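Work through the exercises below with the sequence and the structure side by side. Each task is followed by a solution in steps.

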Amino acid sequence: MPNVTPNQPLAAAAELPLVLDLARQIFDVIDGRQALSPTKFIEMVDLDLDAFAINAHVHRSTITRSPTAQNIQSHIRATLQVLAAVMKTSGGDLQPAIFWYRNESLAAFDHKTAEALVAEGRAADVLDLLASYQTGFVG
């Protein structure tokens, strides 16, 4: 479920179909239940295992041994939410959204990327920035 900040309830609701569509692409049955597959996510975003482990704050072996761990699932959900917001802002294409997420230096955040901010637990800050792009106010 998207993490809605007080400034963004309507934007988050508008992005929900995109978040769900992205999530459907990486759903898998893990340990007998549906979960977001870290393996499929890593492929989708074109990460390597080590980078994902660092961003999700887990040991690399946790990804394969315990793919439903809270840190892993939370990191994937936050990233999907940001990617959906980027797609909504930029025209709906996933690959350019991934490129922006991983590479765009954000001046408002000491030139960190959205990927670095999400890894720091600051997905809401990125979502606020993207919402400001949509409304024409960039802070």
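**Exercise 1. Determine in what order the elements of the chain run from the N terminus on.**

Solution. Elements are DSSP runs numbered from the N terminus: helices are H or I runs of at least four residues, strands are E runs of at least two. Read in that way, the chain runs α-β-β-α-α-α-α-α-α-α. The tally is eight helices and two strands. The model is a predicted one, in which local features need pLDDT of at least 70 and side-chain atom pairs count only at pLDDT 80 or more, while totals for chains, interfaces and linings use all residues. Residues are numbered from 1 along each chain as its sequence is written, and side-chain values use heavy atoms, with hydrogens and water left out.

**Exercise 2. State how helix 5 and helix 8 are oriented to each other, and which residues make the contact.**

Solution. Step one is the geometry: the axes of helix 5 (residues 70-90) and helix 8 (residues 123-135) come within 10 Å and cross at roughly 10 degrees. Axes here are lines fitted to C-alpha atoms, for helices over the stretch in contact, with angles from 0 to 180 degrees between N-to-C directions.

Step two is the class of the angle. Under 35 degrees counts as roughly parallel, over 145 as roughly antiparallel, 65 to 115 as roughly perpendicular, and the rest as oblique. Helix 5 and helix 8 are therefore roughly parallel.

Step three is the contact, meaning heavy atoms within 4.5 Å. Helix 5 supplies Ala78, Gln81, Val82, Ala85, Val86, Lys88 and Thr89, and helix 8 supplies Ala123, Val126, Leu127, Leu130, Tyr133 and Gln134. Sorted by class, this contact of helix 5 with helix 8 holds nine nonpolar, three polar and one charged residues. For this sorting, Ala, Val, Leu, Ile, Met, Phe, Trp, Tyr, Cys and Pro are nonpolar, Asp, Glu, Lys and Arg are charged, and the others, Gly among them, are polar.

**Exercise 3. Describe the contact of helix 2 with helix 5 by class of residue.**

Solution. Begin with the axes: those of helix 2 (residues 38-45) and helix 5 come within 11 Å and cross at roughly 35 degrees. Pro38, Phe41, Met44 and Val45 of helix 2 meet Ile72, Gln73, Ile76, Thr79, Leu80 and Leu83 of helix 5. The classes are eight nonpolar, two polar and no charged.

**Exercise 4. Decide whether Ile30 and Thr68 are buried or exposed, and list what each touches.**

Solution. Buried means under 20% relative accessible area, exposed over 50%, and partly exposed in between (1.4 Å probe, protein chains only). Ile30 lies in strand 1 (residues 27-30), and because its relative accessibility is 10%, it counts as buried. Thr68 sits in the loop between helix 4 (60-65) and helix 5; its 18% relative accessibility makes Thr68 buried as well.

Next, the neighbours, not counting residues up to four places away in sequence. Ile30 touches Ala35, Leu36, Ser37, Pro38, Pro67 and Thr68. Thr68 touches Ile30, Asp31, Arg33, Ala35 and Gln73. Ile30 and Pro67 are 37 residues apart in sequence, yet 7.6 Å apart in space, C-alpha to C-alpha.

**Exercise 5. Find the phi angles of Asp110 and His111.**

Solution. Asp110, though not a glycine, has a positive phi of about 55 degrees. For His111, also not a glycine, the positive phi is about 65 degrees. At 67% relative accessibility Asp110 is exposed, and at 54% His111 is exposed.
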